[in-house]
Amino acid sequence: MKKIFLTAAALIWAASVAVCAENAVQTDTLKSVELQEVSVVASRATDKTPIAFTNVTSEELAKKNFGQDLPYLLSMTPSVITTSDAGAGIGYTTLRVRGTDGSRVNITANGVPVNDSESHNVYWVNMPDLASSVKDIQIQRGAGTSTNGAGAFGASINLLTSTPSYEPYAELNGSYGMYNTHKETLKVGTGLLGKHWAFDARLSNIGTDGYIDRASVDLYSYFAQAGYYGYNTIVRLIAFGGTEKTYHAWDYASKEDMKAYGRRYNPCGMYYDSDGNVAFYDNQTDNYIQHNFQLHLSQVLSDEMRLNVALHYTKGDGYYEQYKTDRSLYEYGLSSFVLDGEEVDESDLIRKKAMDNGFGGGVFSLLYKKGRVDAVLGGALNHYSGWHFGEVMWVRNYVGDIDPRQEYYRNKGKKTDGNIYARANVDIAKGLSAYADLQYRHIDYSIKGVSDTYDYNISGMQQLAVNEKYDFFNPKVGLNWKVNPNNRIFASFSVAQKEPTRDNFTDGDPKAYPKAEKLYDYELGYTYSHSRFVLGANLYFMDYDNQLVLTGEYNDVGAYKTKNVKDSYRMGAELTAGVKIADWLRWDGNLVVSRNKILNYHQYIDLYDDQDNWNWVGQDSVVGTTTIAFSPTITAASLFTFNVAGFMATVQTNGVGKQYLDNTEDEHAMLRA
């Protein structure tokens, strides 16, 4: 197993001024601080909720928060796999849970949806250093509890942003490591003013040259909150966001490229200059600005009932440039031209793809707790509107007018997403509780305009006319038995449903739009906890109906089709353990063994009449049972933590089994363990 150790942070410095005077806090302040936790309780699991979950505290995050994105800070949790385009864990990073990609992982911040409404992904590069303003995180594996936003097919991740300090503080910290990787963070807070008001702010800069060639990242971010904290009422205004400039490392290098040019080779932006020499386009970069605004109200209505209401708005605006070689001018709405007596219909060009979007709405939860009943009524109504458009900025040797810039496509996506849910935990006997969670969700999604794909059937850009509506009912039931203070057993069954993403429509067959996906999630778990030893085992079976996968088949405009497969499943065992070996030494680890299959899978394979000349003659279809792409059979993690005389050190190891890049189980399309 080949290992690369990216960085050992070489220079870490910190200066902080903070005073925590909890003994001076008034009784009303204590209650107000307790009240603000309510803002996320509605979507969080407790030790009575029959699902598999992991809580990560701010203290745990701080131990390894040297600038890497949140997926890398969560890499020690069971079933989590992370990737980084730049190779440094900063910039474009993703996480998978139980083999499912980021578009199937529901993310919320203070109960507000974070996933992009169209792609369903979370672009962590647009929220740099958010970990420095997070109080804690809960990861619910599987379908999880009902929450707002995208459907959870792999996990739900709920972030709670930082709560105010009782006293004024200022903190400056930073880190530096290999590949010029650095992070600087400044945090300040007023503490409680007049026993009711508090203000906090953070500014951060993170950058790296990247492990991959030219995969540089430059990030600036902020977090600010102002709050009123009363005896029964809390009002908080929160703003966070940032700007990013990231050099492309999206295309990746083939095995042949790495043999020829080295493991760090990056083909993005490559072209040949007028002398025939290899060159790289300097501005092959992704540029984006995102601002998130949240207004929260938490109100105690009675001893048994509490209300949370939040309004939110996210504004995003960005673009990226690409140097493209030997492109057909017709595909960009340009005419051929005559150069030196010859007609030119293909040439190098620089294109710019941009988007301008807004997402806003409201969420609420009403919590009731009395006697044996702990219940929540919640929901949300959100709306998204976003433009997608592209321009041709330059064409090599072009004879004609492309100034002002030639716009070659423009379309607009709109989405309204509403849901309402009711959930209850009821104690039915000593240590035994029953759980029920019912959610109804409605989605109205449309895309109008022309896409960035040329359709030779109409000699123009592909027309988009998507107008789809979905209605989902997602029930969840389970039992939880706390045998004694050390032992807990749970079992649950959940249904989750999810609408297709934007790419499923734009890259799919316009004559047969994809269907919604459905998941039946069965979970059985056991946990044992002791002051020096913890142990957990969770068995899961996730049965999919109409899961969307790439099949290798082309659509009418030459793009790969994403199709629903009728039968597929994921099943596995998640094992966790932790032991305090000595007062100064602790070990934590997990091991996940899984099986991830598609039944009766139709794979389309290209056929060529001459393997030397690669003359394409069509496609053939192969049917069989196969492994789902990017789904390793084994993942594991180990963490040793040393604490001696105020000095802390950790040794972290992650292991990932082999993965296939597609659904063919072809060894040539395999990532080694």
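Which residues have the most contacts inside the largest nonpolar core? Before selecting them, note that this is a predicted model, where local features need pLDDT of at least 70 and side-chain atom pairs count only at pLDDT 80 or more, while totals for chains, interfaces and linings use all residues. Residues are numbered from 1 along each chain as its sequence is written, and side-chain values use heavy atoms, with hydrogens and water left out.

**Stop 1: the whole chain**

Start with a cartoon view. The chain has six helices and 34 strands; helices (H or I, at least four residues) and strands (E, at least two) are DSSP runs, numbered from the N terminus. Of its 673 residues, 50% are buried. Here buried means under 20% relative accessible area, exposed over 50%, and partly exposed in between, with a 1.4 Å probe and protein chains only.

**Stop 2: the cores**

Now select Leu70, Ile137, Ile157 and Leu159, which have the most contacts inside the largest nonpolar core, a set of 25 residues. Such a core consists of buried Ala, Val, Leu, Ile, Met, Phe, Trp, Tyr and Cys residues joined through side-chain atoms within 4.5 Å. Helix 4 (70–73), strand 7 (134–141) and strand 8 (155–161) are among the elements that give it two or more residues. Centre on Ile137: beyond its neighbours within four places in sequence, its contacts (heavy atoms within 4.5 Å) include Leu61, Leu70, Leu74, Ile157 and Leu159. A second, separate core of 14 residues includes Phe337, Val344, Tyr409 and Tyr454.

**Stop 3**

Two strands pair if DSSP finds at least two bridges between them. Strands 5 and 6 pair in the antiparallel sense over two bridges; pick Thr108 and you will find its bridge partner, Pro113, in strand 6.

**Stop 3: a hairpin**

Move to strand 9 (residues 169–177) and strand 10 (residues 181–189), an antiparallel pair with nine bridges. Leu172 stands opposite Leu186 in strand 10. Three residues separate the two strands of this hairpin, and Tyr179 in the turn has a positive phi of about 60°.

**Stop 4: a surface patch**

Next, select the nonpolar surface patch whose members include Val235, Leu297, Leu311 and Phe364; together its residues have about 790 Å² of accessible area. Phe364 sits in strand 20 (residues 346–370).

**Stop 5: two single residues**

Glu468 lies in strand 24 (residues 460–484). Is Glu468 buried or partly exposed? Glu468 counts as partly exposed because its relative accessibility is 22%. Beyond residues up to four places away in sequence, Glu468 touches Ile443, Asp444, Tyr445, Phe505 and Tyr513.

Finish at Val593 in strand 29 (residues 585–608). Val593 and Ile634 are 41 residues apart in sequence, with their C-alpha atoms 4.7 Å apart in space. Met571, Gly572, Ala573 and Thr633 are also among the contacts of Val593.

How values were computed. Patches are made of residues with over 30% relative accessible area and no salt bridge: like charges are joined within 9 Å, nonpolar side chains (Val, Leu, Ile, Met, Phe, Trp, Tyr) within 5 Å. Accessible areas come from the Shrake-Rupley method with a 1.4 Å probe; for residues, only the protein chains shown count as cover. A salt bridge is a side-chain nitrogen of Lys or Arg within 4 Å of a carboxyl oxygen of Asp or Glu.
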